[in-house]
Amino acid sequence: MKIAFGKIYIADGRQEPSAITVSSRRKAQTENIIGAKKAKIFDRGNCTYSVEFSIEARHASELEAQLFLLTQGALLQEESPANLAFELEPNPKESRAYISFKNAVLLRASASIDGFTTTHGYEFSATEIERLT
C-alpha cells in the first residue's frame, strides 16, 4: 500500500501502515420547538471523515532517522490541506485501486525513534472520499 499526502509519500510501498482507522461523522441540528412534545432533529448533510494510521520506517543511519523524526510533521503541515491518496496493491488477478480523501487536513502528527527506526502516527480529516480505479 502506498500513501501520499499532496506531493509527499508517507508510505512508498516499503512500509506497511498499521492500525488504520477510518470513521465518518454527520452533522445534525436539534431544534427544541416551544410547546412541542419532542425535539426535531435535522440532518444537515455535512459529513466528515477521520483517517488515522501509523507508519514504522527503518532508516540507513541514526542521523537520517533523527532528521526524519524532526522534519516529517512540519513538511506534511506545509502541504495541508491536500488530497490523502491510498494506492491499494492488488493480487495478480485484480487491478489497482485508488482511494482519495479530498482536501484533507493533517490534524495530528506524532513521532518516536528507536535507533534507526522511526514510528509516526497521523490523523487526518476530510469532507469527501473518492474511489478511482
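Contact here means heavy atoms within 4.5 Å. One caution before I start: this is a predicted model, where local features need pLDDT of at least 70, side-chain atom pairs count only at pLDDT 80 or more, and totals for chains, interfaces and linings use all residues. Residues are numbered from 1 along each chain as its sequence is written, and side-chain values use heavy atoms, with hydrogens and water left out.

Start with S50. S50 sits in strand β4; strands are DSSP runs of E, at least two residues, and helices are runs of H or I, at least four, numbered from the N terminus. Leaving out residues up to four places away in sequence, S50 touches T21, V22, S23, E123 and F124. Is S50 buried or exposed? Buried, because its relative accessible area is 17% (buried is under 20%, exposed over 50%, partly exposed in between; 1.4 Å probe, protein chains only).

Now the hairpin. Strand β1, residues 2-5, runs antiparallel to β2, and four bridges join them (pairing takes at least two DSSP bridges). A4 stands opposite Y9 in β2. Two residues lie between the strands, and G6 in the turn has a positive phi of about 65°.

Last, the largest pocket. A pocket is an open set of points on a 1 Å grid over the protein atoms alone, where a 1.4 Å probe fits, with protein on both sides within 12 Å along at least five of seven lines; lining residues have an atom within 4 Å of a point. Fifteen residues line the largest pocket, with R14, Q15, A57, H59 and F68 nearest its centre. β2 (8-12), β4 (40-58), α1 (62-79) and β7 (117-126) each give two or more residues to that lining. β4 gives the most, four residues.
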